[in-house]
Amino acid sequence: MKPNIQDLSFKELSGFLTEHDHPSYRVKQIWQWLFQKRATTFDEMTNLSRQLRELLKEYFVIGRLQILRRAESHDGTSKFLFGLADGESIESVLIPEPNRLTLCISTQAGCAFGCAFCATALLGLKRNLTSDEIVNQVLEVSRTLTDERRITHVVLMGMGEPLANYDQMFRALQIITDSEWGIGISPRRLTLSTVGLVPQIEKLMAETKVNLAVSLHAPNDELRGQLMPVNRKYPLAQLIDCCRSLPIARRKRITFEYVLLHGVNDSEQHARDLAKLLRGIPCKVNVIPFNPHPGTEFLRPTNEAISNFQDVLHDAGVQINVRRPRGDDIQAACGQLQGEEIRARRGKRQAEATGS
Ligand code: SAH
């Protein structure tokens, strides 16, 4: 198997080029073909000599992801299920909104963090994605779009915990954000969502300019510990302290995500406790009404609970935004299409085994 050229660092690729008597400035030209022009063959790279194209062809391949399924929602949301070379699969969700086109991408196949309400958690962690598998979600989805429809925003909110795959995620961010040779989406248009890994949050905020979203989901340790096992490692006091002390210029406004679960964390008291917890932090709260999926006992909150929760936070001076459910007819919440695919495969295997 030839290696994927997208995986090579600057040093590796320029080393390869000099070894074969080609100047190292070709690296940037090759990267422009791979990441800006989304080339799928070396023959397309017409500003490289024929000899260099043949050399690259001899040694490398250009990595692709296979679109296993694509589901379109009536609201315009599209969900892609991608197959990886080793048979694992991951999801990306394309969300059109007025004036922006957001792609939600995955950073791991499955997830190890076991949040009680999450569909991906049911899969467990399969493995970390490589940086090219993260970047190729953006490239493959872009290839399905016309030139007038470009992805303007990227959110790392798909399957997996981005900060648990820091190095590959970081390399992917460099490729996605570089404007000289990369995809060229500004870091200000990128948001990374985390369960709250404190040391990695500090590292990310020191090393990048991306926006930070922290999954909170409860205003006290007891409840958060039940919903998110990671809370035992990084309890609320430590997480909130970390958010409070992030470098001001880089911090902008932190987003706190709060999935509303019926009868679990959606009372007015929870909202009051949340407002108190966040007092003094420049932040906004993204309230996400739970998106039910097969295999969960949690329920969607009532409209009344959503609006009461919103009112309490609003009255306490917290900036709050209720995320409209998108693509709920295509199971667009994290991990859901994958779950369907597994059930379908299992069904097929059972049918084959019984000869029916
Ligand atoms: N691991 C990261 C990013 C992936 S999930 C994190 O946890 O932040 C992105 C967001 O979707 C998280 O806030 C997560 O808690 C939330 N989420 C997961 N399953 C959901 C569901 N069924 N309905 C609504 N939100 C969900």
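These legends walk you through several close-up views of a predicted model.

View 1. Start with Lys79 and Glu91, whose side chains meet in a salt bridge with an N to O distance of 3.2 Å. Lys79 belongs to strand 2 (residues 78–83) and Glu91 to strand 3 (residues 89–97), so this pair ties together parts of the chain that are 12 residues apart in sequence.

**View 2. A salt bridge links a strand to a loop.** Here the side chains of Arg127 and Asp86 meet in a salt bridge, with 2.6 Å from N to O. Where do the two partners sit? Arg127 is in strand 6 (residues 125–128), while Asp86 is in the loop between strand 2 and strand 3. The pair links distant parts of the chain, 41 residues apart. Arg127 is partly exposed, with a relative accessible area of 22%. Asp86 is partly exposed too, with a value of 47%.

View 3. Now look for Glu207 and Lys203, whose side chains meet in a salt bridge (3.3 Å, N to O). Both residues lie in helix 6 (residues 198–207), and they are four residues apart, which is about one turn of the helix. Glu207 counts as partly exposed at 39% relative accessibility, and Lys203 is partly exposed with a relative accessible area of 38%. Elsewhere, salt bridges that share partners join Asp43, Glu54 and Lys57 into one network.

**View 4. Helix 8 has buried residues on the same side.** In helix 8 (residues 236–244), the buried residues are Leu236, Leu239, Ile240, Cys242 and Cys243. Why do they lie on the same side of the helix? They cover an arc of only 155° around the axis, and this puts them on the same side of helix 8.

View 5. Which helix gives the most to the patch? Helix 11 (residues 303–315) does, with three residues. Asp315 is found in this helix. With 67% relative accessibility, Asp315 counts as exposed, because the cut-off for exposed is over 50%.

View 6. Lys284 is partly exposed, with a relative accessible area of 32%.

**View 7. A loop residue is buried.** Asn291 is found in the loop between strand 11 and helix 11. Asn291 is buried, with a relative accessible area of 17%. How far is the C-alpha atom of Asn291 from that of Val259? The two C-alpha atoms are separated by 8.8 Å, while Asn291 and Val259 are 32 residues apart along the chain.

Methods. Residues numbered from 1 in each chain as written. Predicted model: local features only at pLDDT ≥ 70, side-chain atom pairs only at ≥ 80, totals over all residues. Heavy atoms only, no water. Helix = DSSP H or I, 4+ residues; strand = E, 2+ residues; numbered from the N terminus. Buried < 20%, exposed > 50% of the residue type's maximum accessible area, 1.4 Å probe, protein only. Arc of directions from axis to C-beta. Salt bridge = Lys/Arg side-chain N within 4 Å of Asp/Glu carboxyl O.
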